[in-house]
Amino acid sequence: MSGNKQEEDPRINGIKTKIRVVPDFPKKGIMFQDITTVLLDPKAFKDTIDLFVERYRDKNISVVAGIEARGFLFGPPIALAIGAKFVPLRKPKKLPGETIFEEYELEYGNDRLEMHVGAVEAGDRALVVDDLIATGGTLCAAINLLERVGAEVVECACVIELPELKNVTRSNLTSFSFTLNELTPGFQTHSSRLGPDQRYLETGECLRENFHPDNIGVVYTESRHGGSKANILLARGA
Ligand SMILES: O=P(O)(O)OC[C@H]1O[C@H](OP(=O)(O)OP(=O)(O)O)[C@H](O)[C@@H]1O
Ligand SMILES: Nc1ncnc2[nH]cnc12
């Protein structure tokens, strides 16, 4: 599935130019995608929010679930604009009320996302928002949390998709996506390995030259209803 009309939107290139790529942060070999520089530019920040709002305002979304920490920057303005409630999905032991949690795999050990019980109800139509998708493990955990309480995850929306993740990832995600970030048509990755996710770079599995900063934009990742976490969509629109 491909969003051709939106791929041509001139705002996407403007957003892209505001994303700062910081080499060797937080560790040597990592190309860190810094969205704080988008926030410094009111037009780029607004364009980012507007692109999402234009896509979701008529989709009857009742809850926007933002993933800690950077999903908290983009999720609330989207929620306000489309008239949905905002629910934070937080890292362990941050939420004061009763919570449910989902663990997900990192390179070493696990992490977990928690959600307040009662914040999302059966029948809610959910949009998951984060800044970036790398392996997709974080989004998987978020989708599982929401589906466990009976919500329908309509889509996941991220600003950045790291390249080279269109194939099977550590989370066994399959290819299926709607993207706006085909900024370099025909771009081919140099290897089938995963992109510059810091967790992989930490192990030396990834080469920096595999990273291509042009491959940044706004990406929407859709989930299939009623499916397992293997049904998230990650491929680029061709
Ligand atoms: O697709 P994945 O491989 O799961 O990685 C993507 C996640 O990694 C980053 O967050 P991070 O875990 O670094 O936490 P932070 O935002 O709190 O720094 C990013 O903001 C996503 O949430
Ligand atoms: N390269 C990267 N830049 C920013 N956040 C990330 N999360 C995982 N990999 C990342």
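What follows is a working chat about a predicted model with a ligand.

Biologist: What should I keep in mind about the model and its numbering?
Modeller: The model is predicted, and local features need pLDDT of at least 70, side-chain atom pairs count only at pLDDT 80 or more, and totals for chains, interfaces and linings use all residues. Residues are numbered from 1 along each chain as its sequence is written, with chains lettered from A and ligands numbered from 1 in the order in which they are written.

Biologist: Which residues come nearest to ligand 1?
Modeller: Of the 14 residues around ligand 1, the nearest are A69, A134, T135, G137 and T138, where a residue counts as near if its C-beta atom, placed from the backbone, lies within 6 Å.

Biologist: And which element gives the largest share of that shell?
Modeller: That is β7, with four residues; strands here are DSSP runs of E of at least two residues, and helices are runs of H or I of at least four, numbered from the N terminus.

Biologist: Switching topic, how do α2 and α4 pack?
Modeller: Helix α2 (residues 10-18) meets helix α4 (residues 42-56) at an angle of about 130°, and their axes lie 9 Å apart, the axes being lines fitted to C-alpha atoms over the stretch in contact and the angles running from 0 to 180 degrees between N-to-C directions.

Biologist: Which residues meet there?
Modeller: From α2 they are R11, G14, I15 and K18, which meet A44, D47, T48 and L51 of α4, a contact being C-beta atoms, placed from the backbone, within 7 Å.

Biologist: And how many helices and strands does the chain have?
Modeller: The protein chain has seven helices and ten strands. Residues 24 or more positions apart make up 70% of its contacts with a separation of 6 or more.

Methods
Contact = placed C-beta atoms within 7 Å.
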